[in-house]
Amino acid sequence: MKRTPRVAILLVGAGLSLAVLAQQGDGTDVPIRTHVFKPDKVEATSDRIAAVKAPAGFKVSIFARNLKNARIIAVAPDGRVYVSRRDTGDVVMLEDRDGDGLADGPAVEVLNRAGAHGLAIHDGKLYVATVKEIFVAPLRPDGRVGELKLIVGDLPDAGQHPNRTIAFGPDEMLYITAGSTCNACNESNPENATILRATADGVSRVIVASGLRNTIGFDWHPATGELWGMDHGIDFLGDEVQPEELNRIEQGRRYGWPHVWGDGGINPQSTPPGEITKAQWKADSVPMALGYKAHAAPMQMVFSRGGGRFPAEYAGDAFVTMRGSWNRKEASGYEIVRVRFSNGQPQRFETFVTGFLTDGGRTHLARPVGLGWAKDGALLMADDANGVIYRIAYEGDARPAPAMQPPADAMKRQASRGVGVPLARDRSETSMTKAIESTEASGSGSIEVTSPTFASGAAIPVKHSEYADGVSPALNWKPVRGAKSYVLVVEDPDAQPITPFVHWVAWNIPGDLTGLPEGLQEQERLTEPAGLMQGATSRGSIGYYGPRPPVGDPAHRYHFQILALDTLLQLPLGATRDDVLAAIKGHVVGKGELVGTYRQEIKPPK
């Protein structure tokens with residue numbers, strides 16, 4: 001390829017990781033011009049640091065140096081600062097004992113774990129996330145940590161985006177980001193390209209939201225308690241495409257990736273699974289709330305909660321580090337931005353701290369990553385290029401706003417949807433208003449449901465559990481004369497804290513079918529059986545999710561419930577059990593169930 005200032009790249013090359021499934025011809029013909037441009041690193045000399053700018057009344061200074069690849073920042077209530085260093089696989093502690101705005105002495109290494117990245121401090125403990133694990137250890141009086149305990153060991157594989165971040169929400173739950181394995185592809189693990197929510201002990205976790213390519217920075221608005229995050233846009237779509245996304249993260253929502261970006265842009269290269277069109281994907285995806293310059297690479301994000309040193313006008317606004325681009329020219333990012341909010345809603349992005357991009361954009365002295373509020377109210381920023389932690393302090397006369405703590409209502413309300421309700425068979429929506437005779441049963445509308453792998457009341461084979469293959473069981477049922485379609489809902493009434501836990505929901509099962517084979521595809525629309533749709537489980541994934549009770553629990557019951565309908569359903573992608581039940585009210589002409597049990601006595605080997 002001829003070398004020119006601009007390079008045309010056809011999106012078919014090896015190494016771009018653009019799609020897992022085979023491409024299907026759809027008439028797309030889109031030329032794309034893009035750049036690979038990486039400003040060179042220069043030393044963080046005093047004259048270059050002096051050129052770093054913040055708004056009037058703010059002073060930028062050095063808090064600590066020589067930290068190598070400083071990444072995520074977490075500040076303990078006593079003011080000690082913890083910084084992860086992914087490339088060296090450790091976490092270090094810094095202290096400002098005399099209150100002069102400068103860390104005292106060298107950094108103290110407090111723990112080692114390969115790929116250590118995400119940090120959170122909660123209830124006197126330090127939590128640290130690696131690529132696939134989360135550890136927790138008590139914080140000692142001297143700031144060091146006690147023995148590390150593994151609480152999560154099976155986060156999804158990382159691939160292109162290994163930088164897990166974690167934080168505790170106002171609901172006391174642990175939130176975990178899991179980026180995509182690729183630039184733009186249909187992931188095989190539903191936990192990739194998501195934000196997850198787990199209990200503090202790591203025993204239970206679910207998918208909060210999907211379609212998030214790589215949301216490293218997220219935080220809760222201090223007035224509304226709503227969760228906001230900055231997502232990384234797709235690469236190789238052009239210098240100005242796609243924008244980095246600010247999203248309001250809500251339970252059960254999809255945010256477009258990998259097929260839709262921004263406020264409705266279409267990725268020309270990708271192909272949704274199951275013959276789903278991009279128009280359908282777009283219709284069921286949430287557009288971004290605000291967009292920022294393409295490829296700027298948003299990292300840690302924190303809201304100003306008042307009560308510190310920043311002027312009152314900053315309370316309720318967010319700050320985001322932009323690590324800086326490599327896939328456009330001229331470069332974007334290499335700065336801290338402010339996101340102005342009004343009445344809980346984002347209004348616009350503004351530059352806050354600039355000057356890290358130097359020599360007319362050809363070099364950089366910092367790649368901003370970590371953000372955290374120091375105990376004295378200053379904002380700390382970690383740079384993973386030269387290993388500097390910068391301190392941004394307000395020294396003017398404006399007074400701060402009163403301290404705010406995000407309310408838990410918004411997150412708890414979202415998490416409680418569909419919890420504490422009867423099983424589908426017992427809900428009013430499934431009442432039979434007009435029973436049609438089963439061809440081999442009485443006229444009661446009762447359907448006999450069986451499986452070749454387990455009998456009613458018997459144990460479900462381990463291969464159907466998430467401790468083993470996680471493969472869906474074959475099911476059979478007696479046909480209902482005149483049924484246009486069937487619905488399948490599988491629930492566990494013994495699960496905690498989500499009761500009942502939905503393990504499978506499917507609809508538009510063709511009315512001429514009397515069973516499903518073992519091992520159905522775990523995607524929203526199946527091509528065989530044609531037209532069968534699958535929705536979201538309580539885990540937040542699509543398709544069958546097998547039994548996974550806590551090790552040692554008494555046997556849980558799993559109700560495989562079949563509902564015969566006199567109609568087909570028109571529902572959005574990712575519909576939930578409650579969406580399905582609302583749609584079938586008045587259309588149920590038969591129902592039945594098969595109940596199996598499952599108990600996991602011992603923890604399976606890794």
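Student: How many bridges pair strand β18 with β19, and in which sense do they run?

Tutor: This is a predicted model. Strand β18 covers residues 227-231. The pairing of β18 with β19 is antiparallel, and the number of bridges is five.

Student: Which strand is joined to β19 by three bridges?

Tutor: Look at Leu246, which stands opposite Leu290. Leu290 belongs to β22. The two strands run antiparallel, and the partner joined to β19 by three bridges is strand β22, residues 290-292.

Student: How many residues of β19 are buried?

Tutor: Buried means under 20% relative accessible area. Strand β19 has six residues and is mostly covered. The number buried is five.

Student: Why is strand β23 described as largely enclosed?

Tutor: Strand β23 spans residues 298-303. Count its buried residues against its length. The strand is largely enclosed by the rest of the structure because the buried residues number six of the six.

Student: Which residue does Met93 stand opposite in β8?

Tutor: Strand β7 covers residues 90-94. It pairs with β8 in the antiparallel sense over four bridges. In β8, the residue opposite Met93 is Val108.

Student: Does His122 count as buried or exposed, and why?

Tutor: His122 has its place in strand β9, residues 118-122. Its relative accessibility is 16%. The cut-off for buried is under 20%. With 16%, His122 therefore counts as buried.

Student: With which side chain does the side chain of His122 make a polar contact?

Tutor: Begin with what His122 touches. Leaving out residues up to four places away in sequence, the list is Tyr127, Phe168 and Glu172. The polar contact of the His122 side chain is at 3.3 Å, and the partner is the side chain of Glu172.

Student: How far apart in space are Asp579 and His117?

Tutor: Asp579 lies in helix α4, residues 577-584. At 35% relative accessibility, Asp579 counts as partly exposed. In sequence, Asp579 and His117 are 462 residues apart. In space, C-alpha to C-alpha, the distance is 38 Å.

Student: What is omega for the cis peptide bond that joins Glu528 and Pro529?

Tutor: Pro529 is found in the loop between β37 (525-527) and β38 (530-534). The peptide bond joining Glu528 to Pro529 is cis. Its omega is about -5 degrees.

Student: What is the phi of Lys68?

Tutor: Lys68 has its place in the loop between β4 (58-64) and β5. At 57% relative accessibility, Lys68 counts as exposed. Its phi is positive, in a residue other than glycine, with a value near 60 degrees.

Student: What is the relative accessible area of Glu275?

Tutor: Glu275 is found in the loop between β21 (265-266) and α2 (278-283). Its phi is positive, about 60 degrees, although Glu275 is not a glycine. Glu275 is exposed, and its relative accessible area is 59%.

Student: How many helices and strands does the chain have, and why is it called as compact as a globular protein of its length?

Tutor: The secondary structure comes to four helices and 40 strands. For 606 residues the globule rule gives 25 Å. The chain is close to that, so it is as compact as a globular protein of that length: its radius of gyration is 26 Å.

Notes. Residues numbered from 1 in each chain as written. Predicted model: local features only at pLDDT ≥ 70, side-chain atom pairs only at ≥ 80, totals over all residues. Heavy atoms only, no water. Buried < 20%, exposed > 50% of the residue type's maximum accessible area, 1.4 Å probe, protein only. Polar contact = N/O pair within 3.5 Å; in protein donor to acceptor, adjacent residues only side chain to side chain. Contact = heavy atoms within 4.5 Å. Pairing = 2+ DSSP bridges. Rg over C-alpha atoms; globule rule 2.2 N^0.38 Å.
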